[in-house]
Amino acid sequence: CVSVTGAVVGAGGAVISAPLVLGAVGFTSAGIAAGSYAATMMSSAAIANGGGVAAGSAVAVLQSAGMAGLSTTATAAVASAGGSVAGLLAVLI
């Protein structure tokens, strides 16, 4: 019962906090913030790919989520991950 409650709370918390976390690391609605962790990720990805960021890469997906919000699929994935982690923590604690 406690683990189920933890999973539900974790799922909701993850979905609510995802946009805030994305913005905090530099994936904003206006683009990647200069000097941010996201800018460092983008630079590394561009260097590794010969000057551009590959479509579908982690940087591209996170930037899309930062600009447009989470899609239905992404929301389900974040909720699932958050629920799983919170449920596991509830069992361990």
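1. Basis. In this predicted model, local features need pLDDT of at least 70 and side-chain atom pairs count only at pLDDT 80 or more, while totals for chains, interfaces and linings use all residues. Residues are numbered from 1 along each chain as its sequence is written, and side-chain values use heavy atoms, leaving out hydrogens and water.

2. Annotation. An unreviewed UniProt entry marks residues 20-39, 46-68 and 74-92 as "transmembrane region"; positions follow the numbering used here, feature names are shortened, and such annotations may be inferred rather than shown by experiment.

3. Secondary structure. Residues 20-39 are 45% helix and 20% strand, with end C-alpha atoms 17 Å apart. For residues 46-68 the figures are 61% helix, 0% strand and 22 Å. Helices (H or I, at least four residues) and strands (E, at least two) are DSSP runs, numbered from the N terminus.

4. Core. The largest nonpolar core has six residues: Leu22, Phe27, Ala38, Ala45, Val59 and Ala65. Helices H2 (37-48) and H3 (58-68) each contribute at least two of its residues. Such a core is a set of buried Ala, Val, Leu, Ile, Met, Phe, Trp, Tyr and Cys residues joined through side-chain atoms within 4.5 Å.

5. Leu22. This residue lies in helix H1 (residues 2-25). Leu22 counts as buried because its relative accessibility is 11%, buried meaning under 20% relative accessible area (1.4 Å probe, protein chains only). Its C-alpha atom is 8.4 Å from that of Gln63, 41 residues apart along the chain.

6. Phe27. Beyond neighbours within four places in sequence, its contacts (heavy atoms within 4.5 Å) include Leu22, Met41, Val59 and Gln63.

Note on methods. Buried < 20%, exposed > 50% of the residue type's maximum accessible area, 1.4 Å probe, protein only.
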